[in-house]
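Here are my notes on this one, as promised. Have the model open while you read.

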Amino acid sequence: MSVPAIRVLDLTDRLGYQAARVFVGLGADVVRVALHENSDSAADQLHWHAGKKVVRHSGSVSDATLIELITEADVVLESGPVPGLRTLALRDTHPSLWTGIVHTVITPFGTSGPRREWLGDDTVITAAGGMAWLCGDAGQAPEPPPREQGTQLAGTHGAIGALLALIARRRTNTGQLVEISAQEAVAATLEIGAISWIHGQTIPGRTSGIYGHVAHRVFRASDGFLAGGYSGSPRMWTDLLAWMVEEGEAEDLADERWQDNDIRWRERAHVDAVVSRFTGRRSARTFAEEARRRALPWAEVANGQALLDNPQLRDRQFFVHSGTKGNYQDVGFGWESPALPRPVRLDEPREVAANEVWTVPRSNPSADAAEEHRGRAEANGVSTTGALNGVRVLDLTWVLAGPYVTKTFAEHGADILKVESYHRKDPTRFSPGMRLRPDAGFDDGGYFLNFNRNKRSIALNLKTEAGQELLRRLAADVDVVVENFSPGVLARWGLDYEQLRKINPRVVLVSMAGTGQTGPWRDAVTFADTLAAMSGLTAETARPDRDPQGLTFGLGDMVAANSAVIGALELLYRGEGGHVDLSQLEAMASHLGSAALESQMAEVVPTDAAARILKCLGEDRWIAVGGGTTPDTLREALTAIGIDAGHDPSDALTRAAATMDADALAERLQGQGIAAYPVRDGRELVDTDAQLRARNFYPTLDHPLAGSVAHEGLVAHLSTTPGALRTAAPLLGQHTDDILVEQLGLTPDELADLHNEGVLS
């Protein structure tokens, strides 16, 4: 289907750059008007704005010019602190202007709540959302993750919200306001950071990159670093041990007692020490190559040229050639679909006059598919409050990345049919360590509850022919199939894309493999930490006085999930089927910002030392203070709140902070126009943060076993089709019979036979 390019008016500051870049990757016609002063480097300018048209202007941009551009746009993106948002003011003074337009605003703390006008950059946002608390070394200052992950997450959710609103527009012919709080975008990306408190009254802390629930970490090699470990299936340990025995370097780990997983876990320090000596005698690249050959989850910690030379990324044409002559390689985009090829070349931003931007009226794609979805939702009695009302999704995923995708779909109205089995046990149900509270069973564990709300569960034993046949019949009547099996599994069941589209021509298949469905590393066994290492993100955590560290929460899984959501939503918007070949490696590498360009441009990128995290009064209490403030401005602010700035206002603030309550100091600094926020841990996010409480970010759902339980809330808030948390996560197989009767018309006798044969288990 031929669909006109989406017209996007980009009015963002750094908080929203990622949203506009996502639309560039989707082939949108993106026009940028710079409303905000910035100090972006040349690498930043090329990374964030390549592929756009930029409106020429001198001085401030008039309301008349903005109105002219808004009138012809499909999507308007603006970001920054609430008081300065031009489009929100125009929404109040020119309400008729916005008919049919998707208006997305991304702010540090949302457009409601007591701190809606507070300022925040990436350091402040990751502190406010709980992410900085999890990064760094125990007893030392928390750290924001590298490369502005907070603002990138906010921008990504802005793009997701805009796509949802575009899909809803096909049904309603009206636009709507999409609102993103960067604090909430971060707080929704902590894995167990907050839900550990909700379910177990525990607070995960900083561990120097050593994972607390899997035996993975960064190890030294003879010439660099490796990420890996020995958790997961028993083979991950036995095959690593066999390799060490072959080399005569297993030391005492070949003794019988070490074959007990509980002993290995309790005495992990000793096991890690032996493994460290083994890795330390070998080159990182050579070790990683041999590990891949043995199907073990290890990877070289790549940076700079090693990333650009990655054979998997090069084979899949991940990198984008940019610059005047295409002479620079930049990280590309985190999804791939044959129907929507990623750009492999992006030109430098091109200046245009305001009256040369768009010369033909905008148009709206066919509403046929949207009408079909609405009719299905009404027939099934599904809530019509979501943008994905009537979209049916077959969920074949487990653990985190895949369920996070279908969680997002479910929040916005999609009907999720989650296929599960007692014969393929999801660790988030069955692993005691992931239940997050001692008394939980496989039906009420905290991890599973948070990421699987709003879904229906069907138990299918896919080791049986009858189970596979039922799966094929279900797949024939859904809009989206999401899977994260190893490449080739669906083909053996007759459900790879080529076979699936024969029975369901308009289906969207989302495949979420670690490195993608093609390429020389397609069969690599990957964990979140190994993908982060391959992507270059782990290397960015290194400091002159410290080795790189793993990010001990599932950032990569959720970044990959967001990319999968974007790829699927674009196809749903277009009203056509397709195969989204999601590589989690590519999704993570796409979050490197301008790092790859900086290494090629030999550019010295200034670091804003003013953005930092300071010790406050109390045990492990900290405050994040944003950057971009001149010494004179800081001196004036400190004087106004009664702090003697002396000759060095930065040093004066450090000394004063150590004697003050973090919340009180943040309030006083924000009152003087200085971005600041206490570093939140999981308990504070859930129980005490005034902004999150005012916005009800942790709503409760009633579960038949767990009772009333708080859950992480929605990130994309849509004014007309807002979405909702409707139902708690299902019991395993809770809806099996209902789904098979409703979807396939099975009779009671047929159901009884299938139960007796163990197919529905």
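1. The open sheet has 3 strands, ordered β20-β21-β22 with antiparallel pairing. Strands here are DSSP runs of E, at least two residues, and helices are runs of H or I, at least four, numbered from the N terminus; two strands pair if DSSP finds at least two bridges between them.

2. A word on provenance: this is a predicted model, where local features need pLDDT of at least 70, side-chain atom pairs count only at pLDDT 80 or more, and totals for chains, interfaces and linings use all residues. Residues are numbered from 1 along each chain as its sequence is written, and side-chain values use heavy atoms, leaving out hydrogens and water.

3. β20 and β21 (residues 622-625) run antiparallel, joined by 4 bridges. Leu-614 has Ile-623 in β21 as its bridge partner.

4. Two helices to look at next. α27 (residues 649-657) packs on the sheet and touches β20 and β21, its direction making about 40° with that of β20. α28 (residues 662-671) lies across β21 and β22, at about 165° to β22. Contact means heavy atoms within 4.5 Å; axes are lines fitted to C-alpha atoms (for helices, over the stretch in contact), with angles from 0 to 180 degrees between N-to-C directions.

5. Elsewhere, α6 (residues 149-172) packs against α23 (residues 555-574) at about 25°, axes 10 Å apart. The pair is therefore roughly parallel (angles under 35 degrees count as such).

Note on methods. Angles under 35 degrees count as roughly parallel, over 145 as roughly antiparallel, 65 to 115 as roughly perpendicular and the rest as oblique.
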